[in-house]
Amino acid sequence: MNASTDTLLSVLSVAKAFGGNQVLKDVSFNVQRGEIVGLLGPNGSGKSTLLNCITGFEAVDGGSISLSGQRIERLPAHRIVQRGIARTFQLPSMPTKMSVIEVALAASTGQHGVLATLLGFPTLRRAEEEARAKAERLLDELLLAKVRDLPASALSGGQKKLLGIVCALMGEPELVLLDEPTAGVHPNLRRDLVEALKRLNGQGMTLVIVEHDMHFIRDVCTRCVVLDRGEIVASCKPSKLASNERVIQAYLGGRHNPHELEEHTR
């Protein structure tokens with residue numbers, strides 16, 4: 001697969017197995033700068049494993065992963081974050097003794113508040129002030145400003161998802177991978193989440209989103225990549241999913257009912 005000069009992420013022939021279970025088989029796709037790509041597939045298709053491979057939580061068995069043309073598949077997770085990739089998780093776990101704002105600040109790579117206080121370095125104090133301002137802005141954009149001082153562990157499941165996105169954005173990554181961001185989020189918040197993600201994309205953020213809610217995918221994504229049994233079976237616009245034979249086969253076993261496909265991808 002050839003990568004253009006606008007390619008941010010390139011996944012080439014990636015394979016991953018756990019024992020005798022081949023979870024990913026020769027997976028290849030590119031993500032261009034400025035795209036919002038939906039990563040779809042039935043349960044067990046390999047979506048989360050693929051995210052884990054891209055972000056260094058799992059080692060690939062074969063193939064390569066590149067960010068801006070630089071190979072990253074052998075780097076540890078923290079080095080991949082430094083290169084410019086951040087992610088969220090399906091079931092985020094939050095510390096019990098930190099407030100929402102403290103968790104956001106802890107996620108900032110530029111947070112040196114304790115050292116700045118002890119040593120009195122103006123530059124470090126300025127970095128702390130900038131990190132706090134960034135955290136306050138993101139909490140406001142993702143509707144968490146009112147709970148900023150509550151323990152992070154006391155948030156609802158949906159609010160923890162939103163805080164996870166805040167943490168991912170604190171390091172100003174080039175690429176953010178979101179693992180089921182709407183799961184557990186109250187329906188009233190989904191529209192605001194859609195608008196927030198569109199604003200971030202408008203500011204230059206590239207997004208890859210694992211999601212089952214087809215309405216969300218249609219509202220947010222510019223392109224969809226579909227996995228089935230560890231293989232890429234489609235790469236198309238969201239509007240083309242219901243008419244794609246391989247997608248229908250993956251979700252419905254060949255039954256041609258677009259409304260039923262929507263039910264299976266919610």
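This is a predicted model: local features need pLDDT of at least 70, side-chain atom pairs count only at pLDDT 80 or more; totals for chains, interfaces and linings use all residues.
Residues are numbered from 1 along each chain as its sequence is written, and side-chain values use heavy atoms, without hydrogens or water. Local features need pLDDT of at least 70 and side-chain atom pairs count only at pLDDT 80 or more, while totals for chains, interfaces and linings use all residues.

β1 has antiparallel partners in β2 and β4; two strands pair if DSSP finds at least two bridges between them.

| Partner of β1 | Residues | Bridges | A bridge or facing pair |
|---|---|---|---|
| β4 | 62-67 | five | Ser10 with Ser66 |

Two residues lie between the strands in the hairpin of β1 and β2, where Gly19 has a positive phi near 65°. Another glycine with positive phi, Gly56, follows helix α1, at a value near 85°. In α1 (residues 47-54), seven of the eight residues are buried, among them Leu50, Leu51 and Ile54.

Now to the pockets. A pocket is an open set of points on a 1 Å grid over the protein atoms alone, where a 1.4 Å probe fits, with protein on both sides within 12 Å along at least five of seven lines; lining residues have an atom within 4 Å of a point. The largest pocket is lined by 24 residues, and α2 supplies the largest share, five residues. For the second largest pocket, α5 (residues 122-141) gives the most, with three residues.

Key:
Buried means under 20% relative accessible area, exposed over 50%, partly exposed in between (1.4 Å probe, protein chains only). Helices (H or I, at least four residues) and strands (E, at least two) are DSSP runs, numbered from the N terminus.
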